[in-house]
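Please examine the fold displayed below.

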Amino acid sequence: MIVLADRFLLAHRSEIVNFAATSRLPTAYPYRAYVDAGGLISYAPSDLDQFRRTAVYVDKILKGEKPADLPVQEPTNFELVINLKTAKALGLTIPPTLLARAEEVIE
């Protein structure tokens, strides 16, 4: 199953993660918070990088630049997070090459 990036769904992450677990569905999530709540895997923009980039924009605005003149930026840093405990509960073996690429592996 793939969960879409939506703040409403994020607010109900525990219910979604529990549904995926009881249905034994390997699920990919759009935010790390799902994996922290027990989800299997997420691939999402880095929150820390997003916050840092936001601070740069706030600094520019406070120094007088017009927000409308600032370019729209897309995320550039993404994080792969894997929950091995969930993988084990689902009877999945995560390939070592995928584990090596993950920014964090939750055990």
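Four strands form an open sheet in the order 1-2-3-4, and the pairing in this sheet is mixed. Strand 1 and strand 4 (104-106) stand at the edges with a single partner strand each, so one side of each has no neighbour in the sheet. Strands here are DSSP runs (E) of at least two residues, helices are runs (H or I) of at least four residues, and both are numbered from the N terminus. Two strands are said to pair if DSSP finds at least two bridges between them. This is a predicted model, in which local features need pLDDT of at least 70 and side-chain atom pairs count only at pLDDT 80 or more, whereas totals for chains, interfaces and linings use all residues. Residues are numbered from 1 along each chain as its sequence is written, and side-chain values use heavy atoms, with hydrogens and water left out.

The sheet can be followed strand by strand. Strand 1 and strand 2 are parallel and are paired over 2 bridges; Tyr-29 stands opposite Ser-42 in strand 2. Strand 2 (residues 41-45) then pairs with strand 3 in the antiparallel sense, over 5 bridges. Within that pairing, Ser-42 stands opposite Val-81 in strand 3, and Tyr-43 has Leu-80 of strand 3 as its bridge partner. Finally, strand 3 (residues 78-83) and strand 4 run parallel and are joined by 3 bridges.

Side chains of opposite charge can pair when their charged atoms come close. A search of the whole structure finds 4 salt bridges, a salt bridge being a side-chain nitrogen of Lys or Arg within 4 Å of a carboxyl oxygen of Asp or Glu. Arg-32, Asp-36 and Glu-104 are linked in a network of such bridges. Between Arg-32 and Asp-36, the closest N and O atoms are 3.2 Å apart. These two residues are separated by about one helical turn, because they lie 4 residues apart in helix 3 (residues 32-36). Arg-32 is partly exposed, at a relative accessible area of 24%, and Asp-36 is partly exposed at 48%. In these terms, buried means under 20% relative accessible area, exposed means over 50%, and partly exposed lies in between (1.4 Å probe, protein chains only).

Asp-49 and Arg-53 meet through their side chains in a salt bridge of 3.7 Å, N to O. They are 4 residues apart in helix 4 (residues 47-62), and therefore about one helical turn separates them. Asp-49 is buried, with a relative accessible area of 14%. A further salt bridge joins Lys-63 to Asp-59, with the closest N and O atoms 3.2 Å apart. Lys-63 is exposed, at 66% relative accessible area, while Asp-59 is partly exposed, at 35%.

Which residues does Thr-27 contact, leaving aside its neighbours within four places in sequence? Thr-27 is found in the loop between helix 2 (13-22) and strand 1 (28-29), and counts as buried because its relative accessibility is 2%. Beyond those sequence neighbours, Thr-27 is in contact (heavy atoms within 4.5 Å) with Met-1, Val-3, Ala-20, Leu-40 and Ile-41. Its side chain also reaches the backbone oxygen of Leu-25 at 2.9 Å.

Arg-24 lies in the loop between helix 2 and strand 1 as well. Most residues other than glycine have a negative phi. The phi of Arg-24, however, is near 55°, a positive value in a residue other than glycine. At 49% relative accessibility, Arg-24 counts as partly exposed.

Together with Phe-19, Met-1 and Leu-25 make a nonpolar surface patch of about 250 Å². Patches are made of residues with over 30% relative accessible area and no salt bridge; like charges are joined within 9 Å, and nonpolar side chains (Val, Leu, Ile, Met, Phe, Trp, Tyr) within 5 Å. The accessible areas come from the Shrake-Rupley method with a 1.4 Å probe, and for residues only the protein chains shown count as cover. Met-1 is placed in the segment before helix 1 (7-11) and counts as partly exposed, at 37% relative accessibility.

Methods: Polar contact = N/O pair within 3.5 Å; in protein donor to acceptor, adjacent residues only side chain to side chain.
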